[in-house]
Amino acid sequence: MCETVRFILSAALIGVGIGCIFFAILGVFKFRFVMNRMHCAAIIDTLGVLFVSAGLIVAAGSMEYIPKLLCIPLILWVGSPIASHLVGRLEISTDADLGQHMEMEGGAEHDADGIS
């Protein structure tokens, strides 16, 4: 009975994680603007990987795999904001039509660095 409950719980968690990843990937391909794509891509590493890792932890049932499976979302959560920040800065500094894509705070113009 315990194995069946563990299997159902892990399958549900992995299914929810795969569903989050699937819809986030659709959003990445649907949106045209980079900032919107980054928002959708953030869903993959926050919700999707969290649910899949939780499902794998439940399925493992052994304490030796749990620390390794906990490291996966932690590494992604540390690296994702850094990568998103760099992509966002690149978009702001290279997009000449940025005002058409999004609202700028106070209508400020870009300085020499490309950051308002």
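This is a predicted model: local features need pLDDT of at least 70, side-chain atom pairs count only at pLDDT 80 or more; totals for chains, interfaces and linings use all residues.

Reader: OK. How many helices and strands does the chain have?

Author: The chain has 4 helices and 0 strands. Both are DSSP runs numbered from the N terminus, helices being H or I with at least four residues and strands E with at least two. Along the sequence the pattern reads α-α-α-α.

Reader: What share of the residues is buried?

Author: Of the 116 residues in the chain, 22% are buried. Buried means under 20% relative accessible area, exposed over 50%, and partly exposed in between, with a 1.4 Å probe and protein chains only.

Reader: Take helix α1. What span should it have, and how far apart are its ends?

Author: Helix α1 covers residues 2-30, so its 29 residues should span 42 Å at 1.5 Å a residue, and the end C-alpha atoms are 42 Å apart, which agrees. The expected span is 1.5 Å times one less than the number of residues.

Reader: Which of its residues are buried, and what do they pack against?

Author: The buried residues of α1 are Ser10, Leu13, Gly17, Cys20, Ala24 and Gly27. They pack against α2 (34-60), a contact being heavy atoms within 4.5 Å.

Reader: Cys20 is on that list. How many disulfides are there?

Author: The count is 0 disulfides, a disulfide being a pair of cysteine sulfur atoms within 2.5 Å.

Reader: Cys2 then, buried or exposed?

Author: Cys2 counts as exposed because its relative accessibility is 60%. Cys20 has 17%, so it counts as buried.

Reader: Switching to α2. Where does Ala54 sit relative to Leu9?

Author: Ala54 is in helix α2. Ala54 and Leu9 are 45 residues apart in sequence, with 9.7 Å between their C-alpha atoms. At 25% relative accessibility, Ala54 is partly exposed.

Reader: And the surface: which helix gives the most to the nonpolar patch?

Author: Helix α3 (residues 66-94) does, with 4 residues.

Terms used: Residues are numbered from 1 along each chain as its sequence is written. Side-chain values use heavy atoms; hydrogens and water are left out.
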